[in-house]
Amino acid sequence: MYKYDCLHFKGYKPCAPKKLCDGCDQYSPWERKILIIKLGALGDVLRTTPVLHAFRRKYPRAHITWATKSNARDMLCTTPHINRLVAVDDPDNGTMLRLLVERFDEVHCYDKEDAAIALAQLARADHKYGFVMNDQGQMAPVNKASQYSFDLGLSDELKFRKNKKSYQELTYESSELTVPKPMDPYEMPLLPADRAVADKLLRSLGWGGDRPIIGLNTGSGRVFRTKQWMEESFEDLARRLARDINARVLLLGGKDEEDRNHRLAEKLGFLAHYPGANFGIRQFAAVLERCAVVVTGDTLAMHLALTVDAPVTALFGSTCDQEVDIYGRGEKIVARPSCAPCYKNECDLPGDRWMACMKEIQSEGVSQSVKRVLAQERARTK
């Protein structure tokens, strides 16, 4: 007799203990089978991972499946609290069919994409939380506790002005989980091979621990260009940090920022180094881990820095800073002209009003913030 409800059972290959079920002394039945649906964006996927701690506190022996997209696999594959990681955009492995055949005790959908809410609606489960697609083809909250998060998406007044809850708090509440104080950490363990890449970079530069390394993440990705601070502001900040605190400056970003970072590196010369954009997500996080402070907008890099406990000076203009928990590791600089926050992909204001929010953030103020964060970290680690 096979024990299909065992946490070790694979079905298509021997289990970890490498024993047949009859007479096995390592039979470990799950107490709850949970499906988490969070497809994107990558920063949002990452800041959803704290909820795994809450599930493990509530159900230590739960079997947890996380459904995401292929581009998030590398970010979640080392997370020990996930029993099975599946990508809904991987047709070769029949993921969607599998998820529609299985029965779960609970489905938790934190996403608003059509693919996510449709899957949440169709998945077979005794209890559902978060969002689903209703019969009219519209997103709808499936449990009462998710109503507030749903309302945030429909009311600018509530989201921009009144709400004081972080994304994590909203996630926990939607799943009817106790919100911890302090908040649970992000979950993305680095591997020795990831840290080896960062160590090799610093050795190649001859950078030891004698001077602080300040990471300047200069981009914002393709979706929200309104999160991007001005190129000339990063240049001025780098010069100030090199002059005032003898900082070693790393210019950081993804493929979308390559041209910008090459231009900055050429202008700054020996004052800054651009290591390129050929890092994997965990390798990039390992580089951020080596920084004394990371200056970044509301981007994936900010969430990666918080994951590896790197202090941040985080710049907010078009998005809501109150939804971001920085875990007491740094400072937020928030620009609030009358047009902000707006959550627009591109700024549509004319003339001098274009990108008023990010123009409001001055390099001198950011430099002072970096100095304060450095001092706080030194005092904390004494």
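Guide: The second largest pocket has a lining of 19 residues, and those nearest its centre are Lys10, Tyr12, His63, Arg84 and Arg98. A pocket here is an open set of points on a 1 Å grid over the protein atoms alone, with protein on both sides within 12 Å along at least five of seven lines; lining residues have an atom within 4 Å of a point. This is a predicted model, where local features need pLDDT of at least 70 and side-chain atom pairs count only at pLDDT 80 or more, while totals for chains, interfaces and linings use all residues. Residues are numbered from 1 along each chain as its sequence is written, and side-chain values use heavy atoms, without hydrogens and water.

The space in this second largest pocket is about 650 Å³. That volume is the space filled by probe spheres set on the points, which are joined across faces, edges and corners. Two elements give two or more residues to the lining: β3 (84-87) and α4 (95-101). β3 gives the most, with 3 residues. Such helices (H or I, at least four residues) and strands (E, at least two) are DSSP runs, numbered from the N terminus. By class, the lining has 8 nonpolar, 4 polar and 7 charged residues. Nonpolar means Ala, Val, Leu, Ile, Met, Phe, Trp, Tyr, Cys and Pro; charged means Asp, Glu, Lys and Arg; the others, Gly among them, are polar.

The whole structure holds 1 cavity of 30 Å³ or more. A cavity is a set of points where a 1.4 Å probe fits but cannot get out. The largest cavity has about 30 Å³ of space. Its lining includes Asn217, Lys227, Trp229, Phe234 and Met358. In that lining, 4 residues are nonpolar, 5 polar and 1 charged.

Phe234 lines the largest cavity, and helix α10 covers residues 231-245. The axes of α10 and helix α15 (residues 363-380) come within 9 Å and cross at roughly 45 degrees. Axes are lines fitted to C-alpha atoms, for helices over the stretch in contact, and angles run from 0 to 180 degrees between N-to-C directions. α10 is therefore oblique to α15. Oblique is what remains after roughly parallel (under 35 degrees), roughly antiparallel (over 145) and roughly perpendicular (65 to 115). The contact has 6 nonpolar, 3 polar and 5 charged residues.
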